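Subject: Structure handover

Hello,

Here is the structure I said I would pass on. My notes follow below it.

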Amino acid sequence: MVIKSADVVIVGSGPTGSAYARIIRNNWPEARIVMVEAGPQILPKTGAHLDNVADLDERNALEVLAQGGDRSPRMPINKEEWEARRAGGFDGSLLRRSGLFIANDGDPQDENLFAGFSAANVGGMGTKWSTGTPIPSQIELVPFIPADEIQAALATSAKLLGTNTDPNAGDPAAIALRERLGEVFNPGRTPDRFVQPMPLAATPGPDGLYYHGTDVVLGDLVEEPAERFTIVKETACRRIIHDGQTVTGVELASTGSRETYVVGAGTVVVACDALHSPQLLYASGIRPEALGRNLNDHYIVSQISEMDTDVPMKAMNWIPATKELPYSVTIAPASLHSMPRSGDIVGQPIGMGVFVSSDISPDNRVIFDDTRSDWLGLPAISINWHQSEGDKARLEDAKEYALKISNIIGRPAPGFATFVQPVGSSLHFQGTIRMGEADDGTSVCDKTSKVWGFNNLYVAGNGVIPTATATNPTLFSVALASIGAKAIADARRTAA
């Protein structure tokens with residue numbers, strides 16, 4: 001079936017793009033919706049999560065299919081890299097994760113190195129995200145969105161993603177650990193910021209957790225007739241067609257093809273990701289001053305700990321960020337089964353990630369190269385990134401914080417130093433299409449995610465978040481998407 005026009009075209013099939021589709025359908029039942037995805041469908045169930053594939057070899061092969069233009073297998077960690085990680089040094093394997101690419105000219109051990117990421121498959125990052133859905137702290141929220149509006153949006157987001165606030169309920173080791181941590185960190189906090197189970201978008205079952213991808217967000221949309229909803233797979237959006245104020249369609253091409261065609265649109269939502277959404281806007285001649293700037297990604301300080309427990313812990317615990325302690329901490333069983341390791345750990349290995357915000361600077365940015373094209377036929381991108389003095393100070397403080405927590409868990413695992421993962425490896429890039437309170441050159445879109453100067457062009461994803469954060473951002477970005485989707489449904493702009 002050839003699609004000639006749609007009321008809404010959504011470029012990108014990840015969590016926020018899928019949220020736009022679901023909410024628009026809920027509020028505008030007759031809307032014709034087309035979703036464009038550059039990658040293939042890698043699982044039989046549309047947008048399902050890869051972690052539900054039990055066979056690790058099969059899962060790894062599917063990961064390669066979802067890597068975008070580069071589908072080379074990623075080499076596993078070697079003994080030298082593992083020993084470097086144990087000693088707190090540079091571990092090059094962390095830059096060989098599926099979908100990662102080096103996005104600047106930094107030396108592999110340079111503090112200004114930046115690792116970018118591309119997920120190209122139906123479901124986008126929804127097929128591989130951690131499913132963590134913690135609520136951001138008050139200092140991370142958008143200050144110009146009223147509190148009642150953002151709280152309602154966060155509740156909508158949790159429902160869309162299928163958040164479970166205690167997915168491993170009754171885990172005795174996790175409960176005991178939360179009690180120990182709570183004695184230290186709960187005083188002075190409000191109950192919503194107490195030490196707690198990490199909320200996950202997952203459903204408990206007899207064989208463990210079923211992890212939610214965009215299959216849960218889209219629901220029965222995928223069963224609708226193609227003229228009402230369809231996902232156009234393995235298709236690149238080359239350009240958004242517009243007159244500088246109104247969008248009229250998108251120019252598409254099968255990936256790897258030079259032949260293009262146009263789909264008319266009443267409204268367009270660009271939901272590629274925080275690196276590739278600004279790339280598409282740039283390629284379309286939509287170039288606000290803030291486009292691609294203010295790139296922000298939190299750091300991860302990691303520590304392997306050893307916990308004495310008669311019953312192994314299964315659950316993930318969370319110490320929320322607060323104004324006084326602005327670090328979000330995840331604590332979960334460590335997956336060391338594939339790592340070269342010595343037999344000097346006698347307790348249960350526990351992994352900890354201390355998420356540390358980075359300073360926002362307009363000079364940290366995506367750079368577009370008009371002389372080179374990437375696998376999508378768009379201007380190639382690179383990253384300009386410089387670590388601030390404030391970042392360095394927070395990282396040193398966070399290392400001490402990690403050791404304090406490790407000693408509450410039990411003790412730092414023998415031979416494992418505290419180390420900082422390479423910048424970009426959190427995959428939580430933000431700020432490049434950031435929202436703002438006014439069209440003053442410091443933002444790309446308004447609080448509904450509508451691009452300044454346009455009446456029917458919206459952006460979506462972590463890139464719209466304008467604040468410095470240390471909390472997993474998916475719940476937050478889907479909440480912001482829900483606000484924009486309702487605005488589109490209310491406007492009801494139909495395509496010719």
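How are α5 and α8 oriented to each other? Please keep in mind that this is a predicted model.

Two packed helices are described by the angle between their axes and the distance between the axes. Here, helix α5 covers residues 172–185 and helix α8 covers residues 389–409, and the two pack at an angle of about 135° with their axes 9 Å apart. Angles under 35 degrees count as roughly parallel, over 145 as roughly antiparallel and 65 to 115 as roughly perpendicular, with the rest called oblique; α5 and α8 are therefore oblique to each other. The crossing of α5 past α8 is right-handed.

On the α5 side, the contact is made by L177, R180, L181, V184 and F185, and on the α8 side by Y401, K404, I405, I408 and I409. Sorted by class, the contact of α5 with α8 has eight nonpolar residues, two charged ones and no polar ones.

T131 is not a glycine, yet its phi is positive, at about 70°. To find T131, look in the loop between β4 (115–117) and α4 (147–161). T131 is buried, and its relative accessible area is 0%.

E234 also has a positive phi in a residue other than glycine, with a value near 45°. The loop that holds E234 runs between β9 (229–232) and β10 (235–242). E234 has 39% relative accessibility and counts as partly exposed.

Regards

How values were computed
Residues numbered from 1 in each chain as written. Predicted model: local features only at pLDDT ≥ 70, side-chain atom pairs only at ≥ 80, totals over all residues. Heavy atoms only, no water. Helix = DSSP H or I, 4+ residues; strand = E, 2+ residues; numbered from the N terminus. Buried < 20%, exposed > 50% of the residue type's maximum accessible area, 1.4 Å probe, protein only. Axes fitted to C-alpha atoms, helices over the stretch in contact; angles between N-to-C directions. Left-handed = near helix turned anticlockwise from the far one by under 90°. Contact = heavy atoms within 4.5 Å. Nonpolar A, V, L, I, M, F, W, Y, C, P; charged D, E, K, R; others polar.
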